[in-house]
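Me: Got a model open here and want to go through a few spots. Can you take my questions one by one?

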Amino acid sequence: MAQFSRSAAKKEYDSLYAAARVRALEAHICSREALERLCELPSSAQVLTALPEFGATVTYDGEGRPDAEGTLLSILRRATVEVGDAGADEALLAVVKYPYDCNNAKAVIKCTARGVDPAPMIFDFGTVPADRLPAPTDSAVGSLPTHMAQAFAKASAAYPAGGNPQVVDALLDAACYRDMAEAANGSGCALAVWYVAAKADYTNLCMCVRLLRMHAEAAGRSQLSQSLLAGGTWDADKWLSLYDAGEEALWDAVHHSPLDLPACGTDTSLAALELAVDDCIMTHVRLTHFVPFGPDVIFAYLLANEAVVRNLRILLSGKDAGMTPADIRERMRLCYV
């Protein structure tokens, strides 16, 4: 575990009550067993109807129909309210919420440029309320986190000119991870620091593999160079050299590094890769079952609820696509409980 200053140690002890409260709340997390039971239901509508049995609050749209996305976000919202009420550090909540700010900023820029209402693409779960999101023409974007605010201004100017949405994604993703890293470092939570670095590593890996399989060559190298996230195990030069060397060399380097994904086995399809990444991260998060107190316990609870929401999205979309329970289970990610 990383070593922290006296102030970081104080934060750990200050979180004693919050951690104790979270341990009690863990009993209400939707478990793998519960998800298995939900898999057996015949439709997504029935899954949503059954969720209150597992601690979720179902939300409804204007016509009285169950709102799947609103229901899933209510799980995350409840988790953050619970740990916030228990006295958790705001920085830990920010690490989880910043990706939603990033998504919302991208949606505003892209939809505005196309003359489309961004509202259906907005998640009302970031640190910035939906009604306070800046417009691309705003000169002041201080409502967004520091790095994302700067990237928002750059992306707003670059997108209408070039018309390439990848520019928006690259600028805001990189800024989001910088904001996440700063929040994690300020939280005194070793798990949060590890998590942000691991997410950067595996996002870079997935991008590199995807571009190599597209045979994008020089254009792919340029895109990779612009999109790589900082803060992980390897710097940009390392990733670019592995891209140049080809996929076999990339996997050889991965297997002999902290980025190794044993769960991938011989199946290196993108779907298997993404599943292995999620399971690798959750395997590490689950080590906090043996941690008695401290901010790691609190952050793990937030990630546990994110994993529940991820699996419920897989389950609901699988039901809508007519998949069998067995096929849905194969696609589900490792759970915290």
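Me: Where is the place of Ser 74?
Reply: This is a predicted model. In it, Ser 74 sits in helix α5, which covers residues 68-85.

Me: Buried or exposed, that Ser 74?
Reply: Buried. Its relative accessible area is 14%, and the cut-off for buried is under 20%.

Me: Leaving aside neighbours within four places in sequence, what is Ser 74 in contact with?
Reply: Two threonines: Thr 57 and Thr 59.

Me: Which backbone oxygen lies 3.0 Å from a polar atom of the Ser 74 side chain?
Reply: That of Thr 57. The backbone oxygen of Thr 71 is also there, 2.5 Å from a polar atom of the Ser 74 side chain.

Me: Switching to α9 and α10. At what angle do they pack?
Reply: About 170°, with the axes 10 Å apart. Helix α9 spans residues 190-213, and α10 spans 217-227. The two are therefore roughly antiparallel, because angles over 145 degrees count that way.

Me: Which residues make the contact?
Reply: From α9, Asn 204, Met 207, Cys 208 and Leu 211. From α10, Gly 220, Gln 223, Leu 224 and Ser 227.

Me: How do the residues of that contact divide into nonpolar, polar and charged?
Reply: Four are nonpolar and four are polar. None is charged.

Me: What about the loop between α9 and α10, which residue is found there?
Reply: His 215 is one that lies in that loop. Its phi is near 55°, a positive value in a residue other than glycine. His 215 is exposed, at 63% relative accessible area.

Me: And Glu 217, where is that found?
Reply: In helix α10. Glu 217 has a positive phi too, about 55°, and is not a glycine. The residue is exposed, with a relative accessible area of 60%.

Conventions:
Residues are numbered from 1 along each chain as its sequence is written. This is a predicted model: local features need pLDDT of at least 70, side-chain atom pairs count only at pLDDT 80 or more; totals for chains, interfaces and linings use all residues. Side-chain values use heavy atoms; hydrogens and water are left out. Axes are lines fitted to C-alpha atoms, for helices over the stretch in contact, and angles run from 0 to 180 degrees between N-to-C directions. Helices (H or I, at least four residues) and strands (E, at least two) are DSSP runs, numbered from the N terminus. Angles under 35 degrees count as roughly parallel, over 145 as roughly antiparallel, 65 to 115 as roughly perpendicular and the rest as oblique. Contact means heavy atoms within 4.5 Å. Ala, Val, Leu, Ile, Met, Phe, Trp, Tyr, Cys and Pro count as nonpolar, Asp, Glu, Lys and Arg as charged, and the others, Gly among them, as polar. Buried means under 20% relative accessible area, exposed over 50%, partly exposed in between (1.4 Å probe, protein chains only). A polar contact is a pair of N or O atoms within 3.5 Å; within protein, one must be able to donate a hydrogen and the other to accept it, and residues adjacent in sequence count only if both atoms are side-chain atoms.
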